[in-house]
Amino acid sequence: MQFHHYGYVSGDPRVKPIAGVGIDRPEELPDEVDVLIVGAGPAGMIAAAQLSQFPDVVTRIVDRRPGRLEMGQADGIQARSVETFQAFGFAERIVAEAFWQTEMVFWKPDPADPSRIVRTKRTPDDPSGVSEFPHLLVNQARVLDYFAEVMANSPTRAEPDFGLEFESLEVAEQGEYPVTVTLVHTAGEREGQRRTVRAKYVMGADGAHSRVRAAIGCHMEGDRANHAWGVMDVLAVTDFPDIRLKASIQSEAGSILLIPREGGFLFRMYVDLGAVPLDDHHHVRETTIEQVIARANEILHPYTLDVKNVAWHSVYEVGHRLTDRFHDVETDAAGTRTPRVFIAGDACHTHSAKAGQGMNVSMQDGWNLGWKLGHVLEGRAPESLLATYSAERQVVAQSLIDFDKQWSAMMAKKPEEFASPSELEEFYARTFEFPAGFMTQYAPSLIVAEATHQALAEGYPIGKRFKSAMVTRVCDGNPVHLGHHATADGRWRIYVFADAAGVGESQLGESRPGAASAVLDLAEWLATSPDSPVTATPEGADRDAWFDVKVITQQPYTEVDLGVVPGLFLPRTGPFQLIDYEKVYAAAPADDIFESRGIDRAGAIVVVRPDQYVANVLPLTATDELAAFFGPILRAGRPAVQVP
């Protein structure tokens, strides 16, 4: 964490200096806003947290609840989500309070006595080390609390406006604030009263029964699996030995998915209630908690479950549904106007809860849209950037539904219906990267390049998330994770992996100028060329306000002389224009990033989006291609550079 660059900080360094719309922020929801977010769930809160980092963007988030969520229905946190929390600054704290899932166990009927269940397999949760972070289980309400803290500590001092429910909206063809939203107070002295707010953009993150979705004419399409599950968070006494492990339990009486919860005592059970007749008319949802507990005991035989306290319970029928689009522009009108209203999370995709994907995918929806809105509203990017949201996230949602159909169908099978005794375990091991959140790979688009030079950095597939690795920080010799320095501040990252000549070596204790190096030429171009993306940064702003440029050398850190490193990698920051020394790194001696991530020894440029996805891989000499990539992204009206 870096601080003091705006002056000495004696308090909590996570509280950023107030700026922009945070100064004299009105407590009352204003009549005009840049972005109005409807729904303070995971998708809405991460979008609001991201937008709160843009000091000049007026963002407000409303929710029908009178106050913070006390108990959420989602609890599974993918490793990819924990990486996201790291960018927002609270990964370490939520990891400390959460339950860590390190393996999954499988229970099936005992071949010697099928009326009893026995453990058949243990499977590591992350057998290949896909992330440095664990899979967590923690109450959704705590996740929302942390995002609320990020908002409150941001330059804009943002906070949710509770007690306001969305009623309707209208989109005008023109005007600075073309979306008029009608809200209704749900609590307090003004309960039942209506008020209107005009916005430049609206995001509907208001759940599976989204009114925003209905208002823009989006349609949910899909089907039900005609299978019901009872879910309960309980405190109980049991002799089942794996009660503190994630477990798939299959018996002659049905199935259970067991998920331990944070705190050491609470756990969740998804209990199989069986097939639902087509003419059931949702009567299965009237199943009592006593019936769910009785069913769980039948499945667990010979073990018993004595429930002492029920924190929460529900009954749901598996369904898989997806909207036809994630914004207000009809399909046949695509490209004719800019989207003004967007939907995210459960408002546009629903599925079963057993794969633990709902909250995780919803948060990636919100982050994807949040930084794009921020860039457009601050003038960093043209409005065409916003069209990439639906294009990217709808594909991800479809992949989620396809996966969840397989997983939920397998969980509902009877033991005798499997093709082989180990089919479920093999499917879990084969597909572990999907529930961990790492199968997303965005297709080529305005902000994702073709994989022309992928061979230069094979460990950073274009379109997939940037996988962090250990490096050594040159200024102080500390081993650090390269990706952990990339905070959710809305900046693009340009990682320059140096060629063998490096950026400035020292020999026998004496400094000498850096040898001829492609990195030095690249640094000069990035710092001075009118075609460089870095020079698009507005006058008066810090040089790295829009682009965070880092260099990683192949030499040990002791052989790098900061005295001859180009100024691009040692930018000035803050009102005192202090030097930022934390942008120069060297390969770690015990785990060379060039080896572990397949970086060509001739060097490479790896461009990473504000939401941590790799956007481009280029040779160090490919300045024309770098300019051509960023040309259409930066500021409406800036001409794109043509590659000869």
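Reader: What does it take for two strands to pair, and what is a strand here?

Author: Helices (H or I, at least four residues) and strands (E, at least two) are DSSP runs, numbered from the N terminus. Two strands pair if DSSP finds at least two bridges between them.

Reader: In which sense do strands β24 and β27 pair, and over how many bridges?

Author: This is a predicted model, in which local features need pLDDT of at least 70, side-chain atom pairs count only at pLDDT 80 or more, and totals for chains, interfaces and linings use all residues. Residues are numbered from 1 along each chain as its sequence is written, and side-chain values use heavy atoms, with hydrogens and water left out. Strand β24 covers residues 547–553 and strand β27 covers residues 584–587. Their pairing is parallel, over three bridges.

Reader: Which residue of β27 stands opposite Ile552?

Author: Strands of a sheet pair through backbone hydrogen bonds, either parallel or antiparallel. Across from Ile552, the residue in β27 is Tyr585.

Reader: How many residues of strand β11 are buried?

Author: Buried means under 20% relative accessible area, with a 1.4 Å probe and protein chains only. Strand β11 spans residues 194–204 and is mostly covered. Of its eleven residues, the number buried is eight.

Reader: Which strand pairs with β11 in the antiparallel sense?

Author: Strand β1 (residues 32–38) is parallel to β11 over six bridges, with Ile37 opposite Met203. Strand β17 (residues 341–343) also runs parallel to β11, joined by three bridges, and Gly204 has Ile343 as its bridge partner there. The antiparallel pairing, over six bridges, is with β10 (residues 179–185).

Reader: Is Ile46 buried or exposed?

Author: Ile46 lies in helix α1, residues 42–51. Its relative accessibility is 0%, so Ile46 counts as buried.

Reader: Which residues does Ile46 touch, not counting those up to four places away in sequence?

Author: Contact means heavy atoms within 4.5 Å. The residues that Ile46 touches are Thr84, Phe88, Phe147, Met363, Gly366 and Trp367.

Notes. Buried means under 20% relative accessible area, exposed over 50%, partly exposed in between (1.4 Å probe, protein chains only).
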